[in-house]
Amino acid sequence: MKGLLRRVSGLMLGVISVLGAEAAVAAPPRAGGNPRSVQLSEVQRAFYQTAFEQEVLRTYTAARLSLTGLRPDVYRKALLGYYNLQQHGSAAAGAPLTIIDFNLPSRQKRLWVIDVRQNRLLHHTLVAHGKNTGEDLARTFSNRNGSEMSSLGFYVTGQPYTGKHGLSLKLHGMDDDYNSHAADRAVVVHGADYVSEAFVRQHGRLGRSQGCPALPVTEAPRIIRAIQAGSVVFAHAPQNVSYASAWLTLDSALYGFARAKGLQVVG
């Protein structure tokens, strides 16, 4: 083990090369799916994981996310899916990362939009869950059409459009069994007047959607424009709800991270 650590330390000092930037997503991703199979050597895994864990801590600190209530373990999970989806070719390189933490009550700000490249928090706001998912707390989730529940997991954003809620944003669910029917269910990002601090003061919670992650009316257009066309959205499960995803696979995420950062182990 000591020999391996010495080899990794040596690699960290001088074996980085630039691979070039990834191309942006050209077409809407297929619903569901799995990361591309990747087999890393022991040295590669140790090198990439060391760099990844350092990057998680560095960017979490630089963006001052601890001050906003976003837990580091939730942020780390979101980044695993973020790099897996880029490596898969489903998400655009360098696009913002959106995190919804359904472990928090609706009366708290539980949506974050993060510029991963610049280590900046772009938006932190309220977000509603589905009417059959719970009152203030999100408890029950579904991928079923007509359930009027929220869905968990990783999404990739599509194109914006103007609908009955004004400017809205299509979502492609990438997790089989959890959110792969999002498009069929018309689960989209949109603004709603029941998502506001005033509504919380009056009712003790937000209003609820038919399963869409609804945002404050005044903020929705800016957020939609920031995350449209190929960015990753991660809806994190509450602690008492089971969720397992292929997009959390470590090796393929590490490989995607290494490509995005221009890292390569040589020799």
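Guide: Strands (E, at least two residues) and helices (H or I, at least four) are DSSP runs, numbered from the N terminus. The model is predicted: local features need pLDDT of at least 70, side-chain atom pairs count only at pLDDT 80 or more, and totals for chains, interfaces and linings use all residues. Residues are numbered from 1 along each chain as its sequence is written, and side-chain values use heavy atoms, without hydrogens and water.

Visitor: Which strands each supply at least two residues of the lining of the largest pocket?
Guide: On a 1 Å grid over the protein atoms alone, a pocket is an open set of points where a 1.4 Å probe fits, with protein on both sides within 12 Å along at least five of seven lines; lining residues have an atom within 4 Å of a point. The lining has 18 residues, with Lys-164, His-165, Ala-186, Gln-210 and Cys-212 nearest the centre. Two strands meet the mark: E4 (153-163) and E6 (188-192).

Visitor: Which are the edge strands of the open sheet?
Guide: Eight strands form the sheet, in the order E3-E2-E1-E8-E4-E5-E6-E7, with mixed pairing. An edge strand pairs on one side only; here these are E3 (120-125) and E7 (214-216).

Visitor: Are helices H3 and H6 roughly parallel or roughly perpendicular to each other?
Guide: Axes are lines fitted to C-alpha atoms, for helices over the stretch in contact (heavy atoms within 4.5 Å), and angles run from 0 to 180 degrees between N-to-C directions. The axes of H3 (residues 72-88) and H6 (residues 250-261) come within 7 Å and cross at roughly 70°. Angles under 35 degrees count as roughly parallel, over 145 as roughly antiparallel, 65 to 115 as roughly perpendicular and the rest as oblique. H3 and H6 are therefore roughly perpendicular.

Notes:
Two strands pair if DSSP finds at least two bridges between them.
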